[in-house]
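Work through the exercises below with the sequence and the 3D structure at hand. Each task is followed by a solution in steps.

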Amino acid sequence: SQQGEEDPQALSIQEGENATMNCSYKTSINNLQWYRQNSGRGLVHLILIRSNEREKHSGRLRVTLDTSKKSSSLLITASRAADTASYFCATDASTGFQKLVFGTGTRLLVSP
Amino acid sequence: DAGVTQSPTHLIKTRGQHVTLRCSPISGHKSVSWYQQVLGQGPQFIFQYYEKEERGRGNFPDRFSARQFPNYSSELNVNALLLGDSALYLCASSSQVPYEQYFGPGTRLTVT
């Protein structure tokens with residue numbers, strides 16, 4: 001079963017615009033990770049934010065985490081056509097091993 | 001350094017048959033996880049192995065099994081294939097648990 005849900009399910013923007021994707025989840029977590037997937041191929045790890053962190057940056061990416069609301073957001077600034085992909089959040093709530101529980105994903109289309 | 005590799009890339013099997021999928025982790029990574037991704041959904045956790053021992057198992061039937069070898073590579077076996085087993089099977093490795101997981105390109109299995 002899916003732990004979380006991404007919102008929106010699909011997003012279409014122009015190059016240069018910012019893209020914001022949201023993720024909601026249901027249980028307490030150890031960390032939350034964002035991944036990108038191009039055309040149904042392998043997942044690329046983007047960023048990990050721990051439960052005691054509120055915000056994290058990596059290049060054009062900014063991730064926030066609100067554990068009280070059980071939600072996270074991924075902001076991609078100054079988007080490029082190459083950012084076109086599906087984006088997934090994944091939560092890690094397990095102990096003793098690592099089981100990532102993925103959301104349903106947001107399909108981002110960036111037009112030139 | 002080479003990333004996570006998986007073989008084969010594509011596979012077509014008939015209902016009732018057996019399949020073996022293979023994964024080689026990033027050099028130095030001791031943990032391997034397997035995920036199933038049905039079209040249009042996020043990946044779902046199947047197994048995690050760490051130091052050749054099963055550390056966690058998802059909600060999959062006993063037809064699914066896996067093992068990890070002394071060189072940390074892994075095999076996923078699925079017996080008595082069903083049409084519903086058609087999916088992209090993803091392998092991920094990490095250096096420690098819990099940590100960022102690095103995914104391979106996946107094996108696309110089609111059951112006819």
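**Exercise 1: one glutamine**

The side chain of B:Q37 comes to 2.9 Å from the backbone oxygen of B:Q41. This is a predicted model, in which local features need pLDDT of at least 70 and side-chain atom pairs count only at pLDDT 80 or more, while totals for chains, interfaces and linings use all residues. Residues are numbered from 1 along each chain as its sequence is written, chains are lettered from A and ligands numbered from 1 in the order in which they are written, and side-chain values use heavy atoms, with hydrogens and water left out.

Task: find the strand that holds B:Q37, decide whether B:Q37 is buried or exposed, and list what B:Q37 touches.

Solution.
- Step 1. B:Q37 belongs to strand β4 (residues 31-37) of chain B. Helices (H or I, at least four residues) and strands (E, at least two) are DSSP runs, numbered from the N terminus.
- Step 2. B:Q37 counts as buried because its relative accessibility is 7%. Buried means under 20% relative accessible area, exposed over 50%, and partly exposed in between (1.4 Å probe, protein chains only).
- Step 3. Leaving out residues up to four places away in sequence, B:Q37 touches A:Q37, A:F88, B:G42, B:P43, B:A87, B:L88 and B:L90. Contact means heavy atoms within 4.5 Å.
- Step 4. The side chains of B:Q37 and A:Q37 make a polar contact at 2.8 Å. A polar contact is a pair of N or O atoms within 3.5 Å; within protein, one must be able to donate a hydrogen and the other to accept it, and residues adjacent in sequence count only if both atoms are side-chain atoms.

**Exercise 2: the contact between the chains**

Task: describe the interface of chain B and chain A by its residues, its area and its polar contacts.

Solution.
- Step 1. Chain B brings 26 residues to the contact and chain A brings 22 residues.
- Step 2. About 1,900 Å² is buried between the two chains, with 51% of it from carbon and sulfur atoms. Buried area is the accessible area (1.4 Å probe) that two parts lose on being put together, summed over both.
- Step 3. The rule finds 6 residue pairs in polar contact across the interface (both at pLDDT 80 or more).
- Step 4. On the side of chain B that touches chain A, β4, β5 (44-50), β6 (53-57) and β9 (87-94) each supply at least two residues.

**Exercise 3: strand β9 of chain B**

Task: explain why β9(B) is described as largely enclosed, and find the strands that pair with β9(B).

Solution.
- Step 1. Since 8 of the 8 residues of β9(B) are buried, the strand is largely enclosed by the rest of the structure.
- Step 2. B:A87, B:Y89, B:C91 and B:S93 point one way, B:L88, B:L90, B:A92 and B:S94 the other way.
- Step 3. β4(B) runs antiparallel to β9(B) and is joined to it by 7 bridges; B:V32 has B:S93 as its bridge partner. Two strands pair if DSSP finds at least two bridges between them.
- Step 4. β9(B) also pairs in the antiparallel sense with β11 (residues 107-111) of chain B over 3 bridges, where B:L88 stands opposite B:R108.
- Step 5. With β10 (residues 102-103) of chain B, β9(B) pairs in the antiparallel sense over 2 bridges, and B:S93 has B:Y102 as its bridge partner.
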